[in-house]
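Have the structure open as you read.

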Amino acid sequence: MNPDAQEIASLIDRYTDNLMRAAFSLGFPEAEAEELVQATFYAYLEGGSRFERRSQILTYLFGILYNKARETRRLQARHESIDKAVDDTFESHFDTEDHWDQPSMDSMTEVEKKAQSAHIGDLLKECLDGLSAIMRMAFTLKEVEGMDSENICLALDLTTSNLGVTLFRARNKLRECLMSKGAVIS
């Protein structure tokens with residue numbers, strides 16, 4: 001089934017309100033409901049040949065909408081758990097008075113700083129080996145090679161948000177690894 005532009009417009013006009021009400025009844029705010037309805041129409045148009053006309057088209061669209069809603073909720077729950085883990089990790093680095101709980105390099109002499117930097121470099125190599133391949137590559141491309149995010153995303157086939165999460169996790173794992181080995185990080 002390859003509907004023409006007029007058939008697509010008619011389909012959208014006829015069923016958008018029904019799908020929006022369904023999205024609202026599932027508890028989605030307006031902006032998310034609109035995205036969900038758009039994703040529903042997109043999925044229908046992409047896979048419309050699978051519609052066998054054993055049910056009404058609205059029933060078929062509701063099925064797509066409910067599957068998209070379930071997928072959206074699953075992703076939201078995943079992001080919330082990631083956000084909580086990130087917040088917990090971040091908070092663990094501060095004392096009860098909201099001060100960073102590790103000494104800074106500002107209190108060291110120049111000789112101590114150089115020795116510490118060389119030691120951290122060796123430890124960093126060890127800690128990089130403990131990262132997943134994607135984290136190690138993203139971190140190295142960004143921080144060592146100085147590559148911009150757009151090119152890293154293209155090279156590693158990541159979205160911008162996935163790259164941000166990957167780099168955040170890599171930095172935190174490296175920081176935790178370095179701290180567990182006694183490195184002073186400022």
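## Confidence

Within the protein chain, helix α2 (residues 30-47) gets the highest confidence, at a mean of 90, while α4 has the lowest, at 72. Bear in mind that this is a predicted model. Taken over the protein chain, the mean pLDDT is 79, with 72% of residues at 70 or more.

## Helix α1

Start with the length check. Helix α1 (residues 5-25) has 21 residues, so at 1.5 Å a residue it should span 30 Å; its end C-alpha atoms sit 30 Å apart, and that agrees.

Just past the end of α1, Gly27 adopts a positive phi of about 95°.

## The cysteines

How many disulfides does the count come to? The tally is 1 disulfide, and the partners are Cys127 and Cys177, with sulfur atoms 2.0 Å apart. Cys127 belongs to helix α4 (residues 110-129) and Cys177 to helix α7 (residues 160-180), so the pair ties together parts that are 50 residues apart in sequence.

As for its geometry, the link of Cys127 and Cys177 is left-handed, with -80° about the S-S bond. Are these two buried or exposed? Both Cys127 and Cys177 are buried. Cys153 has a relative accessible area of 10%, so it counts as buried too.

Definitions and conventions. Residues numbered from 1 in each chain as written. Predicted model: local features only at pLDDT ≥ 70, side-chain atom pairs only at ≥ 80, totals over all residues. Heavy atoms only, no water. Disulfide = S-S within 2.5 Å. Helix = DSSP H or I, 4+ residues; strand = E, 2+ residues; numbered from the N terminus. Buried < 20%, exposed > 50% of the residue type's maximum accessible area, 1.4 Å probe, protein only. pLDDT = per-residue confidence, 0-100. Expected span 1.5 Å × (residues − 1).
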